[in-house]
Amino acid sequence: MVFKKLKMTYLYYKTIKMKLVFNSLFFIFCFFSYLDSAELIGKFEQGNLIVGKTTPGSKIYIDKKQIKVSKKGFFVFGLNKDRKNDVAIDIVENGFNKKIIKKVYKKKYKIQKIEGLPKKQVTPPKEFYERIRGDNKLIGKARSINSNLSYFINEFKIPIKNTIITGVYGSQRILNGIPKSPHYGLDFAAKEGTNIKAMLDGVVTLSEIDLYYTGGTVIFDHGHGVSTLYMHMKDIFVKKGQKIKQGEVIGTVGKTGRSTGAHLDIRLNWFDVKLDPASVLKLD
Ligand SMILES: [Zn+2]
């Protein structure tokens, strides 16, 4: 009887132990399937946009700063032009923590020399300083919007057809021998009046016909801080607050603002981080 009781206790103990083993195995299993639940799309290269998907309800921190996660689990962030440090992505879901460290690959940037520009194009006259400050404020405000839109998960499309690229992201410009800040846009050669199409669904957050540097300018919000900007436009067909579909004609190519000639210059931003538009476009 005593023996039987002991045996029972032993069996009971064994069951508990099995349960514990099973539970910890189950725990490990859950943890790993959870680890698999964060996907990242985009190359970890300087100037690139990275889109991620995690389990809805999770929290995401990029370099310890929390970013927005959509209801379906999508999130997005951008890598600075000169970023050298690894990116730390922290995922928190139901009390589980996971850290992903990603190396950022370097991009080679071109040096672009432009000579013989009129002096006022190289350094703006003092009387325009206030206007430029005002323009920058407007642009900065549009770029700081952190909306819940999630258009950024879709594929971008080229804004003009049958064109060639005449200026790339990150190229250092030396104007009349003076090194200037890098060019953050992607330039497309096109005749004045050529239709410009929206690269992605978005909401217009800025529509200005005459900014000092960028001339006719339109900014779209694509959600979570992702914005695109079109500049030097001749005509603008969209208004602030309007929702635009990908492929819709938003205006025409011009040479407004400080432009060396008719062309379209587009920009891609993640808040105040200026990104490479080529990183989201299929260019051939
Ligand atoms: Zn440009």
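A residue counts as buried if 20 or more other C-beta atoms lie within 10 Å of its own. The legends below use this term for a predicted model.

**View 1. Strand β5, covered on both faces.**
Strand β5 spans residues 74-78. Of its 5 residues, 5 are buried. In a regular strand the side chains alternate between the two faces of the sheet. On one side of β5 are Phe-74, Val-76 and Gly-78. On the other are Phe-75 and Phe-77. Residues on both sides are buried, so neither face of β5 is left uncovered.

**View 2. The open sheet β1-β2-β5.**
The sheet has 3 strands, and the pairing is antiparallel. β1 (39-41) and β5 are the edge strands, each pairing on one side only. From one strand to the next, the twist averages 25°. Strand β2 covers residues 49-53 and runs antiparallel to β5, with 5 bridges between the two. β1 and β2 are also antiparallel, joined by 3 bridges. Lys-53 can be followed across the sheet. Glu-39 stands opposite Lys-53 in β2. Lys-53 in turn stands opposite Phe-74 in β5.

**View 3. The open sheet β4-β3-β6-β7.**
Here 4 strands pair in antiparallel fashion. β4 (65-67) and β7 (96-102) stand at the edges. Each has a single partner strand, so one side of each lacks a neighbour in the sheet. Neighbouring strands are turned by 25° against each other on average, direction ignored. Strand β6 (residues 87-93) and β7 run antiparallel and share 7 bridges. Ala-88 stands opposite Ile-101 in β7.

**View 4. Helix α3 and its buried side.**
α3 (129-143) has 15 residues. From its first C-alpha to its last it reaches 21 Å, close to the 21 Å expected at 1.5 Å a residue. Its buried residues are Ile-139, Ala-142 and Arg-143. They cover an arc of only 100° around the axis, which means that they lie on the same side of α3. An α-helix has 3.6 residues a turn, so residues three or four places apart point the same way.

**View 5. Asn-148 in the loop between α3 and β9.**
Asn-148 lies in the loop that separates α3 from β9. Asn-148 is exposed because 9 other C-beta atoms lie within 10 Å, and a residue with 12 or fewer counts as exposed. The C-alpha atoms of Asn-148 and Gly-225 are separated by 9.1 Å. Along the chain, these two residues are 77 residues apart.

**View 6. Strand β12 and its pairings with β9 and β19.**
Strand β12 covers residues 186-189. Strand β9 (residues 165-167) is joined to β12 by 2 bridges, and the two run antiparallel. Gly-167 has Asp-187 in β12 as its bridge partner. A further 4 bridges join β12 to strand β19 (residues 263-270), again antiparallel. There the bridge partner of Leu-186 is Ile-266 in β19.

Terms used:
Residues numbered from 1 in each chain as written. Predicted model: local features only at pLDDT ≥ 70, side-chain atom pairs only at ≥ 80, totals over all residues. Pairing = 2+ DSSP bridges. Axes fitted to C-alpha atoms, helices over the stretch in contact; angles between N-to-C directions. Expected span 1.5 Å × (residues − 1). Arc of directions from axis to C-beta.
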